[in-house]
Amino acid sequence: MGLKDRLAQFDASRNRPPEIVAILKRGNETVKASGTAGLQIGERAPDFALPNQRGETVRLSDRLSMGPVVLSFYRGVW
Amino acid sequence: MIRSLGADLMAISPELPDNTLTMAEKHAIPIDVLSDATSEVIKKYRLWYAVPAEVKALYQEKFGLNMEKYNGEGRWELPVPATYVLDRGGIVRAGEADPDYTVRMEPSDIVSALRAIAEVGG
């Protein structure tokens, strides 16, 4: 089973009340309609420099000079 | 698998730098966990949004989540969860973004994209 199927299974197993599911669904639709589609395939990713967990500055262009990069945007630890 | 294909993996969130981990724990994390505390990068990547009022109320009242504790004062804002595979030229070769945080890019698709990049020496 792939990650998508496993996540769908987990989500279903939580048995959330329908009113909560409806609020989250409406929220996702609102966000989708607000110009948050992200980068397109074939587009150049904007460079950046951000601190990592040890306070060191990481620059995307420096890492790209060493090889491909997988970037994952996530919401947080909660 | 991602490393063995010669790629670097980094994760970006809007959270302030984590103060709860010890330095040893921080060194034990094998990838870069980056803090975009001004959401500048998240905006550049067109993933930024303010949490809709109805969802904010749900998080606060039903889930007891205070996002400001993690993101800083006034920052009820998030990135759309997204994954991008970049070749050495910084070009997006594969990727997905979906506001539904339970939908993520298949790891096998990430690996396929990295294999395709490796084949052309990208």
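Select A:Val69 and B:Leu86: in β5(B), B:Leu86 is the bridge partner of A:Val69. Now widen the selection to the two strands around them, β3(A) and β5(B), which run antiparallel and are joined by five bridges. Strands here are DSSP runs of E with at least two residues, helices are runs of H or I with at least four, and both are numbered from the N terminus. Two strands pair if DSSP finds at least two bridges between them. Strands of a sheet pair through backbone hydrogen bonds, either parallel or antiparallel.

A word on what you are viewing: this is a predicted model, in which local features need pLDDT of at least 70, side-chain atom pairs count only at pLDDT 80 or more, and totals for chains, interfaces and linings use all residues. Residues are numbered from 1 along each chain as its sequence is written, while chains are lettered from A and ligands numbered from 1 in the order in which they are written.

Next, show the whole sheet. It is open, with five strands in the order β2(B)-β1(B)-β3(A)-β5(B)-β6(B) and mixed pairing. At the edges lie β2 and β6 (92-97) of chain B, each pairing on one side only. On average, neighbouring strands are turned by 15° against each other, direction ignored (axes are lines fitted to C-alpha atoms, for helices over the stretch in contact, and angles run from 0 to 180 degrees between N-to-C directions).

Go to strand β1 (residues 8-13) of chain B, which runs parallel to β2(B) and is joined to it by four bridges. Pick B:Met10 there: its bridge partner in β2(B) is B:Asp32.

Then colour by chain. In all, 51 residues of chain A are in contact (C-beta atoms, placed from the backbone, within 7 Å) with 67 residues of chain B. On the chain A side, α2(A) gives the largest share, nine residues.

B:Ser39 is partly exposed, with 17 other C-beta atoms within 10 Å (20 or more would be buried, 12 or fewer exposed, and partly exposed is in between, with C-beta atoms placed from the backbone).

Conventions
Two residues are in contact if their C-beta atoms, placed from the backbone, lie within 7 Å.
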